[in-house]
Amino acid sequence: MKRQTAEYEAKLRKDTEMARVQAEMEGKADQERKNWDLHMQRSAMEARELRTTVLQSVKEAGSMIGTGVNSFLEDKQKLGTTVGVFTLLAVGIYGARVSTGVLGRFVEARLG
């Protein structure tokens, strides 16, 4: 008799627990269905904010780059210095290439 009572109590506890879990799950699912529109509104608002932030960042970056380029092009001294540096760099590279070839031919003529 005690064994049957214990088994019956265990079965009741199990059934009660299963019913409670099922009720919780149904409640959560129902709540999620009710809150779906709120989630969608929040997602749309976050997307709008991100878009606004990105567009503002791009505008600011473009403005800064444009101001820098404009400043560079208007300053004749900076422009002349830059042209001079690149000219000297090109002459240096070309000169090194040609002098290496001449030196190589000289060494080849002496050795060979």
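This is a predicted model: local features need pLDDT of at least 70, side-chain atom pairs count only at pLDDT 80 or more; totals for chains, interfaces and linings use all residues.
User: Which residues are linked with Arg20 in a network of salt bridges?

Analyst: The network links Glu17, Arg20 and Glu24. Glu24 and Arg20 form a salt bridge at 2.4 Å, N to O. Helices (H or I, at least four residues) and strands (E, at least two) are DSSP runs, numbered from the N terminus. Arg20 and Glu17 lie three residues apart in helix H1, about one turn of the helix. Because Glu24 and Arg20 are four residues apart in helix H1, about one helical turn separates them.

User: How is exposure read, and is Arg20 buried, partly exposed or exposed?

Analyst: Buried means under 20% relative accessible area, exposed over 50%, and partly exposed in between (1.4 Å probe, protein chains only). Arg20 is partly exposed, at 40% relative accessibility. Glu17, at 38%, is partly exposed, and Glu24, at 39%, is partly exposed. Arg3, by contrast, is exposed, with a relative accessible area of 65%. In the chain, buried residues make up 0% of the 112 residues.

User: How many helices and strands does the chain have, and how spread out is it?

Analyst: The chain has three helices and zero strands. The radius of gyration is taken over C-alpha atoms, and the globule rule is 2.2 Å times the number of residues to the power 0.38. For this chain the radius is 40 Å, well over the 13 Å that the rule gives for 112 residues, so the chain is more spread out than a compact globule. Its C-alpha atoms fill a box of roughly 120 × 50 × 15 Å along the principal axes.

User: How is the length of helix H3 checked?

Analyst: The expected span of a helix is 1.5 Å times one less than its number of residues. Helix H3 (residues 76-111) has 36 residues and should span 52 Å, and its end C-alpha atoms are 52 Å apart, which agrees.

Terms used
Residues are numbered from 1 along each chain as its sequence is written. Side-chain values use heavy atoms; hydrogens and water are left out. A salt bridge is a side-chain nitrogen of Lys or Arg within 4 Å of a carboxyl oxygen of Asp or Glu.
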